[in-house]
Amino acid sequence: MLDYPTFDFDQVDFVTSDTHFSHARISGLTGRPYATVDEMNDDLVRRWNDTVSPSSVVLHLGDVALGPIEESIALTARLNGRRLLVPGNHDRVSPATQSKRAIERFLPMYEAAGWEILPEVMEGTRHGYRIIASHYPYAGDSQEQDRHTSHRPRWDDGIPLIHGHTHARDHGPNGHRFHVGVDAHGFAPIPFSVIDDWIQSLPGIETPLQTAIREAREVVADLDDTPWPVMDQMFYMQAYEVLRVQLDELLDALPQGIDNQSPDP
């Protein structure tokens, strides 16, 4: 594991980002189909509440709202569900763009509207698979150059990453990255089951259990192929037999075919 704060992704039902409530220019910048800010706000709230039940958990990956912050954050109290926020660069609780004093000032407004503020980058597991969440992708931006690079995940080492920030409209998945922003997903949160399917489709992705099983089988195969030393051969043969029996018993005790199957959701 990298040294990011840990998070339990199994608790999450929906994920989204970049709603930009009350942002007067966002429709023009990203091609959203709204004539006015009020029209956008009302439609985003409607789509959210048509998708998310009051008992659901939503992970929002940043840039909730702009405009007059007291009004724009207050209107998000109309959104269903338990709402968890990974700060984006436009959030007033973002360490990337706000001073510690500003964050302390604005945090109560977010909490009063029902937001729970999380770290900028988090790592954890979902059904046993490793996953990272951040407002920012490993690389890429809505502008020509990557911004806030010191606040992004450090590198793409094959761990699946869910993110926002880019406002891309033509895709969610892209290699080991998945853009969850509303501009790419019908202006509404998406079920985390969509992310589950994507992770399980990635080549070479294993749960820790699957990795342990594969490596244990490799140990057994290596023992079978290793020639015994001339000296102390009896000792090595006895140790080999004990180890092999223990490994075989461990592997046989596992459910049939678990090393070739995805974990149950």
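Buried here means under 20% relative accessible area, exposed over 50%, and partly exposed in between (1.4 Å probe, protein chains only). The model is predicted: local features need pLDDT of at least 70, side-chain atom pairs count only at pLDDT 80 or more, and totals for chains, interfaces and linings use all residues. Residues are numbered from 1 along each chain as its sequence is written, and side-chain values use heavy atoms, with hydrogens and water left out.

Select His23 first. His23 sits in the loop between β2 (14-16) and α1 (26-30); helices (H or I, at least four residues) and strands (E, at least two) are DSSP runs numbered from the N terminus. His23 is buried, at a relative accessible area of 13%. Show contacts (heavy atoms within 4.5 Å): beyond its neighbours within four places in sequence, His23 touches Leu29, Val37, Met40 and Leu66.

Most residues other than glycine have a negative phi.

Of its 25 residues, Phe21, Val64, Ile73, Tyr110 and Trp115 touch the most other members. Helices α2 (37-51), α3 (69-75) and α4 (100-112) each supply at least two residues of this core, and α2 gives the most, with 4.

Finish at the second, separate core of 24 residues, which includes Leu118, Met122, Val180 and Leu202.

Methods. Core = buried A, V, L, I, M, F, W, Y, C linked by side-chain atoms within 4.5 Å.
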